[in-house]
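Here are my notes on the model you sent. They cover the nonpolar core, the aromatic pairs and the surface.

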Amino acid sequence: MATHSIPAPSTGWSSHALARAKADPAYGAFVLLWLGFIAIPLIMGLDKFFNVLTNWENYLAPWIENLSPFSAHGTMMAIGVVEVIAAIAMILRPRYAAWIVSLWLAGIVINLLTYSGFYDVALRDFGLMVAAIALGLLARGYTTPGFRKTHK
């Protein structure tokens, strides 16, 4: 008896994205990086308010704390707000947000390199910065330039 494979019915954009990712590995890499750079800044940014993952103030170089008009805790909360905004920007316009996130990560790397004892974390964040740059390059091929126009 012969068996036949019956394709599952399409359920919308997610099945289309999966099919496209199977056909175009670069698109799959774009989607994976895009989702990752939504999740990472969102989780890290929100955690700046709760310190569940770590006590973020421990990663703040003293010279940055001295430059900030806020306490170390206040500075980390402001950083959390920026990271949540970066996640929202990544949802809306990854073509541009990827470059902003890569610059933000460069700032984090500089902070960590100037604060002894966090060189391993600086190297990890450098890797994330390279991934954000790769997302920016891929986004040029999979997103449209400019901002969406609203129709009246």
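**Notes on the model**

1. Phenylalanine 30 counts as buried, at 5% relative accessibility; buried means under 20% relative accessible area, exposed over 50%, and partly exposed in between, with a 1.4 Å probe and protein chains only. Tryptophan 34 is partly exposed, with a relative accessible area of 22%.

2. This is a predicted model, in which local features need pLDDT of at least 70 and side-chain atom pairs count only at pLDDT 80 or more, while totals for chains, interfaces and linings use all residues. Residues are numbered from 1 along each chain as its sequence is written, and side-chain values use heavy atoms, with hydrogens and water left out.

3. Phenylalanine 30 and tryptophan 34 both sit in helix 2, 4 residues apart, or about one turn of the helix. Helices are DSSP runs of H or I with at least four residues, numbered from the N terminus. Rings of Phe, Tyr and Trp (its six-membered ring) pair if their centres lie within 6.5 Å; planes under 30 degrees apart count as stacked, over 60 as edge-to-face and the rest as tilted. By this rule there are 7 aromatic pairs. The ring centres of phenylalanine 30 and tryptophan 34 are 6.3 Å apart and their planes are at 5 degrees, so this pair is stacked. Tyr27, Phe30, Trp34 and Tyr142 form one aromatic cluster.

4. Tyrosine 115 and phenylalanine 118 form a tilted aromatic pair, 5.4 Å centre to centre with 35 degrees between the planes. Tyrosine 115 is partly exposed at 25% relative accessibility, whereas phenylalanine 118 is buried at 17%.

5. The largest nonpolar core has 16 residues, and those with the most contacts inside it are Phe30, Phe37, Met90, Val101, Leu105 and Leu135. Such a core is a set of buried Ala, Val, Leu, Ile, Met, Phe, Trp, Tyr and Cys residues joined through side-chain atoms within 4.5 Å. Helix 2, helix 4, helix 5 (94-113) and helix 6 (119-142) each supply at least two of its residues. The largest share, 5 residues, comes from helix 2. Apart from this core lies another, of 5 residues, among them Trp56, Ala72, Met76 and Ile79.

6. Leaving aside neighbours within four places in sequence, leucine 105 is in contact (heavy atoms within 4.5 Å) with Phe37, Asp125, Leu128, Met129 and Ala132.

7. Leucine 46 is found in helix 2. Leucine 46 is partly exposed, with a relative accessible area of 42%.
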